[in-house]
Each structure stands twice: as C-alpha cells, then as structure tokens.
Amino acid sequence: MPWSGPQRERRRLRHASKRPGPPGPYALLPWLLMGLGAFSHLLQGRTPYPWLGGLGLVAFDSLYVVVVFRGFDKEKRRSPVSYRLLAAMGLITFGLAIGYGGSWLLFLPLFSLACGTILRDRQLGFGLIALAVLAGVVAAWRGDDASGPWTIGYGTFISGAVTAAILTLSETVMELRATRQELARTAVEKERLRFSRDLHDLLGHTLSVIVIKSEAARRLAPRDMDAALGQVADIESVGRQALAEIREAVTGYREGGLATELDRAGSVLIAAGIEPAVRRSGPPLDSRSEALLGWVAREAVTNVVRHSGAAHCEFVVESTAERVRLTVTDDGPGPGGDAATVPDGAPDAAPDTDPDRASGFGPRGVGGTGLKGLTERLAAAGGSLEAARGPRGGFVVIAELPSYGTESADSGGARDTGVTPD
C-alpha cells in the first residue's frame with residue numbers, strides 16, 4: 001500500500017531526527033587509554049614514587065573528564081572555572097611528563113585534546129603552538145622517548161587542532177540545521193498568510209457580487225424575466241470564475257490584472273446601482289503592477305458595494321516612468337450614513353454583516369483585514385496604500401507602486417473610459 005502524504009512526511013521527520021549530531025563528550029573518553037602504559041608501569045613497580053604517580057594519574061583522569069564535559073556546554077566552556085581547571089590539568093600534565101618521561105609523555109597530547117574542547121579562536125592557536133613547543137622541549141630534555149621530540153610536539157598540536165576543528169564544524173552543522181528548520185517554518189507561515197489573504201480577497205469579493213446580482217435578479221424577476229435571467233447567468237459565470245481563481249490561488253499563480261478587475265468592477269457596480277467611471281493615463285503597466293493593483297481594485301469595489309452607499313465611483317490610473325498610482329473615489333456616506341438613492345430595478349447595497357469590516361475605513365488609515373493584507377502586499381513591493389475620507393465626502397483609496405518597466409511599447413495618453421450599462 002503506497003504511503004500517503006502525511007505518512008511520508010512523518011517518515012521523513014523521523015529519519016531527519018535520527019541523523020547523527022555532533023560527537024558528545026563520551027566520544028573523547030576512550031582516548032584515556034593512551035595512559036595505560038603509565039598505569040602498567042605503576043603496577044609493575046617500574047615508576048619511582050608510585051604513590052605520587054598514582055595520585056597524579058587519578059587527578060589527571062578526573063580533570064580530563066570534567067574539562068571535556070564542560071567543553072560541550074557553551075556557557076560552562078566560557079566560564080573562568082573551565083580555564084582554571086585546564087590550568088591545573090596543565091600543571092599536573094607537565095609535572096608527570098617532566099618527572100617520569102617515557103610513556104608519561106603521552107599525557108601531553110591528551111592535555112592538548114582537552115584544550116581543543118575549551119579554547120577557541122586566537123586562544124586556541126596561540127595555546128596549541130605554545131603547548132606543542134613545550135611538549136617537544138620536554139621530550140627532548142628527557143631524551144627517553146622512542147618516538148622522538150618532534151613526534152610528541154606534532155602529536156600534541158594536531159590532537160588539539162583536530163578536536164577543536166571537529167567540534168566547531170559539528171556546532172556549525174547543528175546551527176545550520178536549526179536555521180534550515182526555522183526557514184522552513186517561516187516559509188510555511190508566509191505561504192499560509194498568502195493563502196489566507198488570497199482567499200479573503202477572492203471570496204469576499206465574489207460572495208458580494210453573488211449577493212448583489214441575486215438581489216438584482218429577485219427585483220427584476222416580476223417585471224423583466226429576461227433581465228433577471230441575465231443576472232442569473234452572471235451569477236453562474238462569477239461562480240465558475242471564482243472556482244478557477246481559488247484553484248489558481250492554491251497553486252500560487254493567478255492570472256489577470258487591473259484591466260480585468262476594472263471590467264468586472266463596472267458590471268458589479270452597475271448591478272449595485274452605482275455609476276462607475278474609469279480614467280487611465282500614462283504608459284501601460286507592467287505585469288507585477290497590474291496584478292497588485294488588480295487586488296486593490298477588487299477589494300475597493302467590494303467595500304464600495306457593501307459599505308459606501310455611494311451613487312458614483314471613479315477609478316483613476318496614472319502611470320509614469322517612476323511610479324504607478326490607482327485612486328478609487330466614491331461619494332457615499334459610508335457605514336451608518338444615509339444610503340444613496342438606489343435606481344429603480346437595481347438592488348440595495350448589501351447589509352454590513354462582516355464584523356471584520358464593520359468599521360469601514362478609519363479617518364487616517366486602513367481598516368479591515370482585506371486592506372490590511374493589501375497594505376502588506378504593496379509594502380513588500382516597495383509601494384503604499386492609503387484610505388481616508390475624501391475632502392468632499394465619500395472615501396478615497398490610493399495605491400502607489402514603483403514602476404518596474406512596461407512590457408508593451410503601446411503607450412497611451414489620457415483616456416476616459418466611463419463604463420455604462422448595456
């Protein structure tokens with residue numbers, strides 16, 4: 001039986017959780033076996049002052065374990081206590097190496113390994129170089145090491161350097177994993193936000209259109225059945241178009257733009273008994289500006305139809321080489337005001353039942369989830385959105401965007417395309 005999507009995702013997460021992380025402190029404990037030669041000499045009685053060597057061996061092993069475990073905790077690693085323990089461990093290490101020599105010199109690379117878990121950056125470089133030089137000098141002074149002073153010095157340096165490099169790389173990999181997970185969560189949140197805004201804009205506008213045209217069909221049916229059937233056909237067309245747009249919104253691609261939305265706006269406003277007018281000036285818009293301003297026009301029409309009580313609504317599109325501006329103006333009193341006179345045979349404005357928009361537009365800013373979402377969209381594209389009461393009544397919505405260049409050489413002058421009923 002094939003795995004479903006959620007099952008595959010759970011398997012992937014379980015597999016990711018089993019990925020090996022950075023080595024832990026237990027991975028460094030087996031290196032203490034390098035001291036078995038010294039321990040063997042103690043048992044065989046080949047070490048002078050065995051009680052002193054035994055105490056030194058126990059102290060070294062104890063400090064090694066403590067220092068290594070502290071090295072895997074960032075806060076403890078940077079604590080002054082860790083440096084004091086490391087200094088005490090260094091005194092014991094050099095005391096044993098100078099006093100006994102031979103196999104006791106192998107404690108110098110072990111001490112360097114412990115230094116690699118604590119020291120970082122310049123401290124690590126200077127510390128390992130100094131430690132390697134001192135280890136070589138001690139081995140040369142003792143002169144009883146079968147491998148030679150250069151081997152002790154090199155082994156001391158490389159053990160600390162490799163340990164520090166592996167731990168630093170492991171920490172970096174873990175940080176990158178955490179960053180990747182955070183980026184994935186952020187991408188999911190952004191996609192959810194995009195999807196919620198698209199659905200809000202699409203469904204809010206489409207349902208408003210369906211309500212308006214349904215009321216128009218109900219009013220026209222007793223007097224003009226053909227006109228009522230025309231409104232019903234429009235409802236069917238709007239519903240089909242809404243389905244297609246929702247599918248496109250799910251995939252993240254939605255075609256169409258300002259011109260399409262302005263054409264739809266004319267039909268919706270006429271059905272609501274509002275006279276529309278459209279004026280455009282300047283060169284054609286680029287596809288990005290068309291799409292963003294199309295969302296603004298859609299949301300503005302929804303608010304005008306549902307809340308304004310206006311008799312007229314004007315769309316002005318102005319474009320230059322630097323900026324693009326869309327201005328939507330209506331002459332309605334807004335929520336709570338006196339509704340404009342509705343022409344005979346046209347539907348009344350839809351009642352304000354959406355609590356998200358109950359307050360309409362504020363006097364200085366943008367109200368409602370739809371316009372707030374559009375404000376975020378335009379701000380991300382370097383633009384702005386403002387909504388306020390007009391100086392002569394009604395409301396004014398102004399959307400501005402930087403021009404991204406046109407995709408057509410056809411530049412038009414100012415033109416007035418007022419939309420009138422069929």
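Helix axes are lines fitted to C-alpha atoms over the stretch in contact, and angles run from 0 to 180 degrees between N-to-C directions. This briefing concerns a predicted model, in which local features need pLDDT of at least 70, side-chain atom pairs count only at pLDDT 80 or more, and totals for chains, interfaces and linings use all residues. Residues are numbered from 1 along each chain as its sequence is written, and side-chain values use heavy atoms, with hydrogens and water left out.

**Overall composition**
- The protein comprises 12 helices and 6 strands, where helices (H or I, at least four residues) and strands (E, at least two) are DSSP runs numbered from the N terminus.
- Of its 422 residues, 40% are buried (under 20% relative accessible area, with exposed over 50% and partly exposed in between; 1.4 Å probe, protein chains only).

**Helices H3 and H6**
- The axes of H3 (residues 50-71) and H6 (residues 107-118) come within 8 Å and cross at roughly 25°.
- H3 is therefore roughly parallel to H6 (angles under 35 degrees; over 145 is roughly antiparallel, 65 to 115 roughly perpendicular and the rest oblique).
- Residues in contact (heavy atoms within 4.5 Å) include Leu57, Phe60 and Tyr64 in H3, and Phe107, Leu110 and Ala114 in H6.

**Helix H7**
- Buried residues in H7 include Leu124, Leu128, Leu131 and Ala135.
- The buried residues of H7 line one face of the helix, because they fall within an arc of 165° seen down its axis (the arc of directions from the helix axis to the C-beta atoms).
- The face turned away from that buried side carries the exposed residues Arg122, Phe126, Val133, Val137 and Trp141.
- Gly143, with a positive phi near 65°, follows H7.
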